[in-house]
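Q: Please take a close look at one part of this model and describe how it sits among its neighbours. A single connected account would do.

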Amino acid sequence: MQFAPQTQILILNAAILAVAYLGIFPSLSEKTLARIMTVDLVLSVLAVGVAGALFWGRGLSFDMLLFSTNWAVFSIVTLMIMEAPLFYLFAKKHGISLTGEDR
């Protein structure tokens, strides 16, 4: 079964976020904002890299409801939108201050 390109990126982002928030982040010995942001940067680069491997040079347009864009912007924006509530809930549960001062 072949999924639409937008769906492929959304599934990729969801899979990476599931691994991050169900496996990697809970297993960190120190759950600080800086530590989570560092791991998140690596995972974000992974998500964009895989999307790039799939769609670079194919000239596809990705619909963002209000505008159309390329695969890179679609991947980054949808990853941020999907991750925001997960990060907020994780930070709240583990007492991670969003100002950088951890409890």
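A: Valine 73 lies in helix α3. The model is predicted, and in it valine 73 counts as partly exposed because its relative accessibility is 33%, between the 20% limit for buried and the 50% limit for exposed. Threonine 32 is 41 residues away from valine 73 along the chain, and 28 Å separates the two C-alpha atoms.

The helix that holds valine 73, α3, packs against α1: the two axes come within 10 Å and cross at roughly 35°. That crossing is right-handed. On the α1 side the contact is made by Gln6, Ile9, Leu10, Asn13, Ala14, Leu17, Tyr21, Phe25 and Pro26. They meet α3 residues Trp71, Phe74, Ser75, Thr78, Leu79, Met82, Glu83, Leu86, Phe87 and Phe90. Sorted by class, the contact between α1 and α3 comprises 14 nonpolar, four polar and one charged residues.

The α2 residues that are buried are Leu33, Ile36, Val39, Asp40, Leu43, Ser44, Ala47, Ala51, Gly52 and Phe55. Helix α2 itself runs over residues 33-55, 23 residues in total. From first to last C-alpha α2 reaches 32 Å, close to the 33 Å expected at 1.5 Å a residue. After α2 comes glycine 57, which has a positive phi near 80°.

Conventions. Residues are numbered from 1 along each chain as its sequence is written. This is a predicted model: local features need pLDDT of at least 70, side-chain atom pairs count only at pLDDT 80 or more; totals for chains, interfaces and linings use all residues. Side-chain values use heavy atoms; hydrogens and water are left out. Helices (H or I, at least four residues) and strands (E, at least two) are DSSP runs, numbered from the N terminus. The expected span of a helix is 1.5 Å times one less than its number of residues. Buried means under 20% relative accessible area, exposed over 50%, partly exposed in between (1.4 Å probe, protein chains only). Axes are lines fitted to C-alpha atoms, for helices over the stretch in contact, and angles run from 0 to 180 degrees between N-to-C directions. A crossing is left-handed if the near helix is turned anticlockwise from the far one by less than a right angle, and right-handed if clockwise. Contact means heavy atoms within 4.5 Å. Ala, Val, Leu, Ile, Met, Phe, Trp, Tyr, Cys and Pro count as nonpolar, Asp, Glu, Lys and Arg as charged, and the others, Gly among them, as polar.
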